[in-house]
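Hello,

Here is the structure I said I would pass on. My notes on it follow below.

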Amino acid sequence: MKRSTGLRDYMLATGSFKGAIDGKVIKIYSGVEPATADAALDVSNVLLNTITLDGLGVTGLTLAATATGGQITKNTSEVWEGTNVATGTAAFFRMQTTADGGGASTSAVRLQGNVALAGADLNFSSVAFVTGDARRINYFVVSIPAG
């Protein structure tokens, strides 16, 4: 996963990864994934879905209260869900604030990763998103390697 400069700066001087990410949403896009989490979205990127707490589109998501072995997971008591707002092939996601418009930024706190059927940062049983269908994330883990 790609961490924005804003996320890395927050972790270095302000607080924890959990503190930076809690309250963010996951926006899933089609098109070519930007080279970095600081880079702007381009015209090929179509917002397909915004994953929020209980799929209501209002409340951001939270991570587990503790990390184990260099990994932290989603808060298992939460339902991370959203309804597709467009039809397309999911290619990548950004975990960000709801107000983040996707422009170039070195201060925005973002976590970006690829989407696929398997072996990606975020896996779905199908990457074909159809308007009106619901999508749920049941398992989400972020790790920071020791080396």
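Strand E5 (residues 80-83) and strand E11 (residues 134-137) run antiparallel and are joined by four bridges, with Gly82 opposite Arg135 in E11. E5 also runs antiparallel to strand E3 (residues 47-53), through two bridges; there Leu53 faces Trp80 across the pair. Strands are DSSP E runs of at least two residues and helices H or I runs of at least four, numbered from the N terminus; two strands pair if DSSP finds at least two bridges between them.

This is a predicted model: local features need pLDDT of at least 70 and side-chain atom pairs pLDDT 80 or more, while totals for chains, interfaces and linings use all residues. Residues are numbered from 1 along each chain as its sequence is written, and side-chain values use heavy atoms, without hydrogens and water.

Buried means under 20% relative accessible area (1.4 Å probe, protein chains only).

Trp80 also belongs to the largest nonpolar core, of 27 residues, where Ile26, Trp80 and Phe140 touch the most other members. Helix H2 gives the most to this core, three residues. Such a core is a set of buried Ala, Val, Leu, Ile, Met, Phe, Trp, Tyr and Cys residues joined through side-chain atoms within 4.5 Å.

Lys24 sits in the loop between H2 (17-21) and strand E2 (25-29). The Lys24 side chain reaches the backbone oxygen of Ala20 at 2.7 Å.

Regards

How values were computed. A polar contact is a pair of N or O atoms within 3.5 Å; within protein, one must be able to donate a hydrogen and the other to accept it, and residues adjacent in sequence count only if both atoms are side-chain atoms. Buried means under 20% relative accessible area, exposed over 50%, partly exposed in between (1.4 Å probe, protein chains only).
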